Amino acid sequence: MAWNHLRNLNRISIHRILHHRFQPLVNARFFSDAAASLPQPQPKQPSPPSSLKDNELAKFAAISDTWWDSEGPFKPLHAMNPTRLAFIRSALCRHFKKDPYSAKPLEGLKIVDVGCGGGILSEPLARLGATVTGVDAVEKNIKIAQLHAGLDPETSTIEFCCTTAEKLVEEGRKFDAVMALEVIEHVADPAEFCKSLAALTIADGATVISTINRSMRAYATAIVAAEYILHWLPRGTHQWSSFLTPEELVLILQRAGINVEEMAGFVYNPVTGRWSLSDDISVNFIAFGTKSSNNE
Ligand SMILES: C[S@@+](CC[C@H](N)C(=O)[O-])C[C@H]1O[C@@H](n2cnc3c(N)ncnc32)[C@H](O)[C@@H]1O
Ligand SMILES: [Mg+2]
């Protein structure tokens with residue numbers, strides 16, 4: 001990141017130096033008078049760097065028609081969904097003082113699901129009463145998500161859009177809660193991505209991120225076992241070096257203005273084939289953070 005920044009700076013200064021050195025001196029006055037009479041370009045707000053990594057997006061585009069096949073490559077996400085939803089539901093209800101026992105506990109909350117894929121999380125959030133926007137950088141994923149959600153009146157109201165968190169920030173969008181589940185390990189710059197998620201979150205709102213720990217256990221289970229032995233995921237789905245430790249995630253969220261208040265692990269029981277919430281954050285984990293009201 002620092003290197004790219006330096007390279008950009010260098011490009012700008014080299015351009016300036018060349019431009020000034022070769023301006024014919026005799027014409028300088030004419031050009032400056034003419035320039036003054038032209039409409040002056042407005043200073044442009046620098047765009048945030050893109051979170052997109054083409055090779056990562058290509059992996060998801062290649063299997064986009066399998067999003068709703070609960071035995072396909074997204075089987076682990078389907079299997080984990082009730083567990084992660086239980087965590088999100090109870091953390092959101094506690095934070096926003098909602099009744100977790102009501103039929104629509106998330107009613108009144110505007111939630112964005114960043115990197116929503118086929119809408120595996122967006123749909124149950126909508127069923128719990130939230131007003132949901134699902135965004136994904138892969139057009140095919142959004143098409144599948146729209147088609148699937150359209151089958152049920154409770155989910156057909158979800159707004160799906162092929163875009164990124166940083167573009168939503170540019171559009172000035174804000175949400176009570178921002179979700180990015182199993183996405184951060186696939187983006188170009190996790191710290192910048194967290195800044196975009198924070199910017200999308202209202203003051204006193206919530207940001208929720210789930211990902212995989214950069215631990216030896218995660219290497220053995222989430223990569224070697226899941227991709228090479230059990231074939232749950234296509235080989236090469238995950239790069240161990242792209243994982244973040246919980247400490248790193250807490251720190252980059254803190255720098256983005258989000259305080260992590262709760263964290264939990266998801267653990268898999270090979271006997272029952274079920275996932276459950278746990279204190280063990282050594283492989284899969286989820287973090288719930290809030291944006292302080294003076295962080296607008
Ligand atoms: C592992 S899937 C997770 C899907 C969903 N969040 C879930 O947990 O059910 C990761 C998704 O993130 C999307 N994605 C990757 N990088 C992205 C980015 N920079 N901006 C938006 N979406 C992105 C991919 O296209 C893919 O659909
Ligand atoms: Mg992943």
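# Chat about a predicted model

Q: Starting in the sheet, what stands opposite Val 114?
A: Val 135 in β2 stands opposite Val 114. This is a predicted model: local features need pLDDT of at least 70, side-chain atom pairs count only at pLDDT 80 or more, and totals for chains, interfaces and linings use all residues. Residues are numbered from 1 along each chain as its sequence is written, while chains are lettered from A and ligands numbered from 1 in the order in which they are written.

Q: How do β1 and β2 run, and how many bridges join them?
A: Parallel, with 5 bridges between β1 (residues 110-114) and β2 (residues 131-136). Two strands pair if DSSP finds at least two bridges between them.

Q: What is the strand order of the sheet?
A: The order is β3-β2-β1-β4-β5-β8-β6-β7. The sheet is open, has 8 strands and shows mixed pairing.

Q: Which are the edge strands?
A: β3 (159-162) and β7 (274-278), each pairing on one side only.

Q: How many degrees between neighbours?
A: Neighbouring strands are turned by 20 degrees on average, direction ignored. Axes are lines fitted to C-alpha atoms, for helices over the stretch in contact, and angles run from 0 to 180 degrees between N-to-C directions.

Q: Which strands does α10 lie across?
A: Helix α10 (residues 246-255) lies across β5 (201-212), β6 (258-269) and β8 (284-291). Against β6 it runs at about 150 degrees.

Q: How many helices and strands in the protein?
A: 10 helices and 8 strands. Both are DSSP runs numbered from the N terminus: helices are H or I with at least four residues, strands E with at least two.

Q: New topic. Which residues are closest to ligand 1?
A: Ser 51, Phe 60, Gly 115, Gly 117 and Leu 181, out of 22 that surround it. A residue is near a molecule if its C-beta atom, placed from the backbone, lies within 6 Å of it.

Q: How does that shell divide into nonpolar, polar and charged?
A: 13 nonpolar, 6 polar and 3 charged. Ala, Val, Leu, Ile, Met, Phe, Trp, Tyr, Cys and Pro count as nonpolar, Asp, Glu, Lys and Arg as charged, and the others, Gly among them, as polar.

Q: Which helix gives the most to it?
A: α3 (residues 54-62), with 3 residues.

Q: Which residues does UniProt list under "binding site"?
A: One unreviewed annotation covers Arg 84, Gly 115, Asp 136 and Leu 181. UniProt also lists Glu 182, Glu 185 and His 186 as "binding site", again from an unreviewed entry. Such annotations may be inferred rather than shown by experiment.

Q: Is Arg 84 buried or exposed?
A: Buried, because it has 24 C-beta neighbours inside 10 Å. The cut-offs are 20 or more other C-beta atoms within 10 Å for buried, 12 or fewer for exposed, and partly exposed in between, with C-beta atoms placed from the backbone. Arg 84 lies in helix α4 (residues 75-96).

Q: What does Leu 181 touch?
A: Beyond four places in sequence, Leu 181 is in contact with Arg 84, Leu 121 and Ser 210. Contact means C-beta atoms, placed from the backbone, within 7 Å. Leu 181 is in strand β4.

Q: And where is Glu 185 found?
A: In the loop between β4 (175-181) and α8 (190-200). Glu 185 counts as buried because it has 20 C-beta neighbours inside 10 Å.

Q: What does His 186 touch?
A: Lys 53 and Glu 56, not counting residues up to four places away in sequence. His 186 is in the loop between β4 and α8.

How values were computed. Two residues are in contact if their C-beta atoms, placed from the backbone, lie within 7 Å.
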